[in-house]
Amino acid sequence: MKTINIITFLIFIIFPFKIYALIEVDITRGNLNPLPIAVSSLYSDKNTNEVLKKEIKVDKIGYEISKVIENNLKATGLFNPLEKKAFLQEPDVAHLKPRFEDWSLIKAQALITGKVEFKNDKVRVEFRLWDVLAAREMMALAFTTVPNNWRRIGHIISDKIYERLTGEKGYFDTRIIYVSEAGPKTQRIKKLAIMDQDGFNIKYLTLGNELVLTPRFNPTNQMVTYLSYFKNLPRVYLLDIETGIQEVVGDFPGMTFAPRFSPDGKKIIMSFAKDGNSDIFTMDLENRIVERITNHPSIDTSPSYSPDGKFITFNSDRSGYQQIYVMKSDGSRVKRISFGNGLYGTPVWSPRGDLIAFTKLHKGKFYIGVMRTDGTGERLLTENYYQEAPSWSPNGRVLIFYRETKSNSDGEGFSAKLWSIDLTGYNERQVITETDASDPSWSSLLSN
Amino acid sequence: MIFNKSTYKLILASIFAMLLSACAQQSAKIDSQIQGDVYTGTDTVEYLADGVPDRVFFATNESVLTTASRETLRKQAAWLRKNSSINVVLEGHADERGTREYNLALGERRANAAKDYLMTYGISENRISVISYGKERPVDSGSNPLAWSKNRRSVTVKAN
């Protein structure tokens, strides 16, 4: 009897406590109460610090990695990383066993601790995620890599934490390819550029000698397709980011443009314009077989595959104005899906399959919005003077796009910048780039 | 001096009238350069030869040639027939108020509208090539209706 009593007691006390204390972040709504999270500096000993300072010129590696994580979590709008100054426990002690009272005192609900070691020319980074209210460990993992990859470790840890707390895959260990812009509007210089999702490690992939537009990632590897005006012939090209090798893939007598990969990465879908008419074609990258998908005297462009590869959404003015259509991937059963007021362009199928993001022009304003794949449930996320070309984060939660500002008659006041917004319509923020930027494309997760 | 009510009204009315006429002058100036959304001015126009303008303009989202455009292209065709060794590139452009990819297609459509017209006036297809710049190469960098109308254009450029 006594034992039973004790068990009931334990169940009553511990069980409900644990249920209510389990941290969860709801990402389906605009989050006005971001989760307070403490990201402790990762502990690294003196020797590790000194070696890494010499090897990769990074002082206090543990602190720097914790900043990468902090910035990633903060940018989601779902988390509120707390000021490190308020932390009462030292990183090394906290990593072994946090004093949960100290962390709940500063209102942290989750805590991240970790340790960095340098061994055999590699860094080993381990981290733990703690539920402060439940006073328990939620997750512990370790990674080993070359020192130069330290930012990526920060991104991978961010992905793990995001996934554990929201139940959905993260999008931090990813890159953005975009067009870097400079110079006056009438003679804009454009270069392909690539950077980590958080704006670091910017690399320029072309020199700016020819006009380049609309780079897009292959969802399965690090290949990119884009439009280049090399030798003044606008054609679709393929670029291997690792080797820098470029080749033309859409070399037909006319203009090829608006390229995107199929979800399996084996085909490129693009527009081909000749004699005043643009239609949609695919090219198989292995055997170079070209297939015509649309055949209509109107402008058919901006094609994008559904993630299962069975459907294609595209932009056509066959009704008289730019509207969004969906068809089967062989070009049959073409159906218009946009019926709201205004013009619709640049449809992009969500990686989750349920939504299509688009650009809308109505009464002189540009909108980024989403609708279901049958055209219902249209939702406009953001309105501005000019913005277009949304690209999805690999988990389908965030859209990145570019926005241009109005210029006066001398061209002053013009700028082009990258922005991102949550699918909920909240958390709109500028993605900082060192130059003006446009045409962003989000890569898939580099690691899994 | 004390204003009575009617003096006030008179002053207000005259200020208002002055403002109105200033506005009217401004819009009249633009009106004289845009007709039905198509640029009709000569600010940006260059000449292939004496009296042969190099470009034609279009209405928003359109690739239809206006009467003035057809006249310009007939002059170009006559000049090309006289100078049979000269080949040309038709460069099609759009304004900045459209999505990039659609505008590339639209520029191509505009340049081809001009090309088709030159061909009906006897210019052989192999003397004409076409390129679209979409909205990438505006001639006027302003963000206003007049600037946009100058940018919606097809320009005939000597290729050799």
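## The interface between chains A and B

In this predicted model, 22 residues of chain B are in contact with 33 residues of chain A, a contact being a pair of residues whose C-beta atoms, placed from the backbone, lie within 7 Å. Two elements of chain B, α3 (100–120) and β7 (128–134), each give two or more residues to the side that touches chain A, and α3(B) gives the most, with 10 residues. Helices (H or I, at least four residues) and strands (E, at least two) are DSSP runs, numbered from the N terminus.

By class, this side of chain B has nine nonpolar, seven polar and six charged residues; Ala, Val, Leu, Ile, Met, Phe, Trp, Tyr, Cys and Pro count as nonpolar, Asp, Glu, Lys and Arg as charged, and the others, Gly among them, as polar.

## Basis of the description

Residues are numbered from 1 along each chain as its sequence is written, while chains are lettered from A and ligands numbered from 1 in the order in which they are written. Because the model is predicted, local features need a pLDDT of at least 70 and side-chain atom pairs count only at pLDDT 80 or more, whereas totals for chains, interfaces and linings use all residues.

The pLDDT, the predictor's confidence in each residue from 0 to 100, averages 92 in chain A, where 94% of the residues score at least 70. Over residues 7–21 of chain A the pLDDT is below 50, and beyond near neighbours in sequence this stretch has four contacts in the model.

## Chain B and its sheet

Chain B has four helices and eight strands, which run α-β-β-β-β-β-α-β-α-β-α-β from the N terminus on. Of its 160 residues, 42% are buried, that is, 20 or more other C-beta atoms lie within 10 Å of their own, with C-beta atoms placed from the backbone. Among contacts in chain B between residues at least 6 apart in sequence, 70% join residues at least 24 apart.

Four strands of chain B form an open sheet in the order β5-β8-β6-β7, with mixed pairing, where two strands pair if DSSP finds at least two bridges between them. At the edges stand β5 (55–57) and β7 of chain B, each with a single partner strand, so one side of each is left without a neighbour in the sheet. Strand β6 (residues 88–93) of chain B runs parallel to β7(B), to which six bridges join it, and B:V88 stands opposite B:I128 in β7(B). Helix α2 (residues 67–82) of chain B lies across β5, β6 and β8 (153–158) of chain B, at about 160° to β5(B); axes are lines fitted to C-alpha atoms, for helices over the stretch in contact, and angles run from 0 to 180 degrees between N-to-C directions. Helix α3(B) also packs on this sheet, touching β5, β6, β7 and β8 of chain B, and its direction makes about 155° with that of β7(B).

## The sheet of chain A that meets α3(B)

In chain A, four strands form an open, antiparallel sheet in the order β18-β19-β20-β21, and its edge strands, β18 (300–305) and β21 (335–336), each pair on one side only. Helix α3(B) packs on this sheet, touching β18 and β19 (311–316) of chain A, with its direction at about 145° to that of β18(A).

## Domains of chain A

Chain A is divided into domain 1 (23–166) and domain 2 (175–442), with bounds that come from an automatic or database domain assignment. Eight residues of domain 1 of chain A are in contact with 11 residues of domain 2 of chain A.

Notes:
Two residues are in contact if their C-beta atoms, placed from the backbone, lie within 7 Å. A residue is buried if 20 or more other C-beta atoms lie within 10 Å of its own, exposed if 12 or fewer, and partly exposed in between; C-beta atoms are placed from the backbone.
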